[in-house]
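Take a look at the chain below.

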Amino acid sequence: MRRTIKCNTNHFPDIKGYASVIENRLDDDGCTMEGVLADHARMLEFTRKYAVNYVLIDDEYDIPLRF
């Protein structure tokens, strides 16, 4: 079964703004919206192919962070 994933591209500036926080992207010039969407699609494909548990966030969410 194939499923279409809704992507909210409004948060791309946030992804760029937090480049070094999680992924440690020091040189972020090569990070494009198309590249991020392709990476996410590839990771989703791998999780399904190898039966890995995942959480698909396809809408707004509010998750309290605990440090």
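## The chain as a whole

Of the 67 residues in the chain, 12% are buried (buried means under 20% relative accessible area, exposed over 50%, partly exposed in between, with a 1.4 Å probe and protein chains only). The chain exposes about 6,500 Å², an area from the Shrake-Rupley method with a 1.4 Å probe. Carbon and sulfur atoms supply 54% of that area.

The chain has two helices and zero strands. Both terms refer to DSSP runs, numbered from the N terminus: helices are H or I with at least four residues, strands are E with at least two.

This is a predicted model, where local features need pLDDT of at least 70, side-chain atom pairs count only at pLDDT 80 or more, and totals for chains, interfaces and linings use all residues. Residues are numbered from 1 along each chain as its sequence is written, and side-chain values use heavy atoms, leaving out hydrogens and water.

## The aromatic pair

The structure holds one aromatic pair. The ring centres of Phe 46 and Tyr 50 are 6.5 Å apart and their planes meet at 50 degrees, so the pair is tilted. Rings of Phe, Tyr and Trp (its six-membered ring) pair if their centres lie within 6.5 Å; planes under 30 degrees apart count as stacked, over 60 as edge-to-face and the rest as tilted.

Phe 46 is partly exposed, at 35% relative accessibility. Tyr 50 is exposed, at 54%.

## A positive phi

Ala 51 is not a glycine, yet its phi is positive, at about 55 degrees. Where does Ala 51 sit? Its place is in the segment after helix 2 (33–49). Ala 51 is exposed, with a relative accessible area of 68%.
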